[in-house]
Amino acid sequence: MRRRAFHLACFWACLGVVVSGLAQEGHPLTGTWTGDWGPTATQRDHLTFVMNWDGEKITGTINPGLDSIPIASVFVDVTNWTVRIEADTKDQSGKPLHIAAEGRVDDIGSYHRTITGTWRQGATNGDFKVTRD
Amino acid sequence: MKHTLDVLAVGLGILLAATPVAAQHSFSATYDFDRQVKLEGPVTRIDWVNPHAFFFINVRDAGGTITNWAVEFGNPFDLEKDGWKRNTLHIGDVVGVEGIPARGPARQAFAKSVVLKPGGKRLFAAPARRASTPAAAPAPRWPNGHVRLGPPPGKKGYWGAASVKALVENTAVKIPMNDDGLLLNIADADNVAPFKPWAKAVYEQRQRSLLKDDPFARCLPPGGPRQFHTPYGFQFVEQPELGRILVLLGGGDRNWRVIYTDGRPVGQAAELVLSYYGTSVGRWEGDTLVVESVGFNERFWMTNGGLPHTEALHLTERFSRPDFNTLKYEVTVDDPRTYTRPWSGGWAIKWVPDEEIQEYFCEDNAESTFIR
């Protein structure tokens, strides 16, 4: 069992290396983005965006999985590559929670481009940074 | 010695003429045309490799400090055709170099001239090598009447330089650009293709950054129309008995593309493994080979100059051979995620008789072109 787990770990490690080396030269927002957000430098929550350009609009998901949050809207100003992302979810008590993030895409020529900006989740304000995988 | 000097002169003339064409990398992004550099010193190493030969010299500055410079000086096969040999230049020869320096701090230059020292005899650029003009003749044909896209039996040859440097829309006015597809006036971007706003922004960003992020410069394959723009041409290998045509590329990382002619359907992009050359299906319409391709990945730029595309890209290419020495290439680009409508462009390609494409591995320069 330990041997199998080791092989699996090696497989995923190798896959990670390979995937990180593949560029994506289409729409700059398409892809998987990973990072975090939080109100302070030490209070951080993991973030994963998955976004896709379908020719008309950008659709996507925040933190894909059992607790995923569908992205309601993405607005991009391509003149300066600023982006506004909005989504709606519920807090632990079941109350509606609105998410609004505003940021800027930097280094769009790189496949490890980033989005940094402000993140508001309900009444909590913070900042976020995600890097394209 | 005189023979050596003559050979150097001829070879340098060739490299001057061929410089932009021979650029696997983005020449615009690598070298700063607004500056000149003069170097002098002994040769310490010679990399006689594809796609670009380099030699290295130790240069002593006014303070006595010695630094090693990499000097790029053309493609070895082109140089050999014009008289250079591997041993034309020797380690230990002292040379003076005038050239174009690399951008940034890299100690690298592209040679415009080389002078062997001592003696100081200046080597001047010779006239550009004139390609022999092949005799006019009708296009060769297979026994079944189809036009041959390759040489007739018993002959050699391949398709060489394209008549334009980048894909632009047919209706566009003449757009000045350099051999890398870099616009001389960025305002001309509107005339290149019917971009969606994001695509125009990406194209302009690539142009403004002098194409420095070009995947082709990282030795990734030139998918789409760009494969017919690469230096050192391409060759069709028609295999009707196997229901396919191979396109062998002379440049890039020397790979190939398969066009199936066995009657299979084009397929749906969503069902295909996405690739650099997509999945191509061809059929003959009279003397024109019509090829439909889908299933492209997004990891390449489909033309010099950096036109973007998405996985929705669908290409319709038309190949015809109006005479022995001319291949007419037309392509319709249909990518509704990137462009507001389908659009077309094309160019002519000249036959290079009696020669074959040569070994050319982009990766061979990795050692020579590291940041110095």
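In the largest nonpolar core, which has 73 residues, B:Ala193, B:Tyr329 and B:Ile349 touch the most other members. The structure is a predicted model, and the values below are computed from it.

Leaving out residues up to four places away in sequence, B:Ala193 touches B:Val168, B:Glu169, B:Leu307, B:Tyr339 and B:Trp343. Another core lies apart from the largest one; it has 24 residues, among them B:Leu39, B:Ala53, B:Val97 and B:Ala109.

### Chain A

Chain A has one helix and eight strands. Along the sequence these elements follow the pattern α-β-β-β-β-β-β-β-β. The eight strands close into a barrel in the order β1-β2-β3-β4-β5-β6-β7-β8, and the pairing is antiparallel. Neighbouring strands of this sheet are turned by 25 degrees against each other on average, with direction ignored.

How many bridges join β1 of chain A to β8 of chain A? Six bridges link strand β1 (residues 31-38) to strand β8 (residues 124-132), and the two run antiparallel. The bridge partner of A:Gly35 in β8(A) is A:Val130. A:Trp37 stands opposite A:Phe128 in β8(A).

β8(A) is also joined to β7(A), by eight bridges, and this pair runs antiparallel as well. Here A:Gln121 has A:Thr124 in β8(A) as its bridge partner. The hairpin of β7(A) and β8(A) has two residues between the strands, and in it A:Gly122 takes a positive phi near 65 degrees.

Of the 133 residues of chain A, 22% count as buried. Among contacts in chain A between residues at least 6 apart in sequence, 29% join residues at least 24 apart.

### The barrel of chain B

In chain B, five strands close into a barrel in the order β1-β2-β3-β5-β4, with mixed pairing. Neighbouring strands of this sheet are turned by 50 degrees against each other on average, again ignoring direction. Strand β1 (residues 37-47) of chain B is joined to β4(B) by six bridges, and these two strands run antiparallel. B:Lys38 stands opposite B:Glu98 in β4(B).

B:Gly96 also belongs to strand β4 (residues 94-101) of chain B. Is B:Gly96 buried, partly exposed or exposed? A residue is buried if 20 or more other C-beta atoms lie within 10 Å of its own, and exposed if 12 or fewer do. B:Gly96 has 17 other C-beta atoms within 10 Å, and is therefore partly exposed. Not counting residues up to four places away in sequence, B:Gly96 touches B:Glu40, B:Val115 and B:Lys117. B:Gly96 and B:Asn191 are 95 residues apart along the chain, and their C-alpha atoms are separated by 44 Å.

Most residues other than glycine have a negative phi.

| Residue | Phi | Loop | C-beta atoms within 10 Å |
|---|---|---|---|
| A:Asp107 | about 55 degrees | between β6 (96-106) and β7 (114-121) of chain A | 16 other C-beta atoms |
| B:Cys219 | about 75 degrees | between α5 (197-208) and β7 (234-239) of chain B | 17 other C-beta atoms |

With 16 other C-beta atoms within 10 Å, A:Asp107 is partly exposed. B:Cys219 is likewise partly exposed, with 17.

### Contact between the chains

Where chain B meets chain A, 20 residues of chain B are in contact with 15 residues of chain A. The side of chain B that touches chain A has ten nonpolar, four polar and six charged residues.

Conventions: Residues numbered from 1 in each chain as written. Chains lettered and ligands numbered in written order. Predicted model: local features only at pLDDT ≥ 70, side-chain atom pairs only at ≥ 80, totals over all residues. Core = buried A, V, L, I, M, F, W, Y, C linked by C-beta atoms within 7 Å. Contact = placed C-beta atoms within 7 Å. Helix = DSSP H or I, 4+ residues; strand = E, 2+ residues; numbered from the N terminus. Nonpolar A, V, L, I, M, F, W, Y, C, P; charged D, E, K, R; others polar. Pairing = 2+ DSSP bridges. Axes fitted to C-alpha atoms, helices over the stretch in contact; angles between N-to-C directions.
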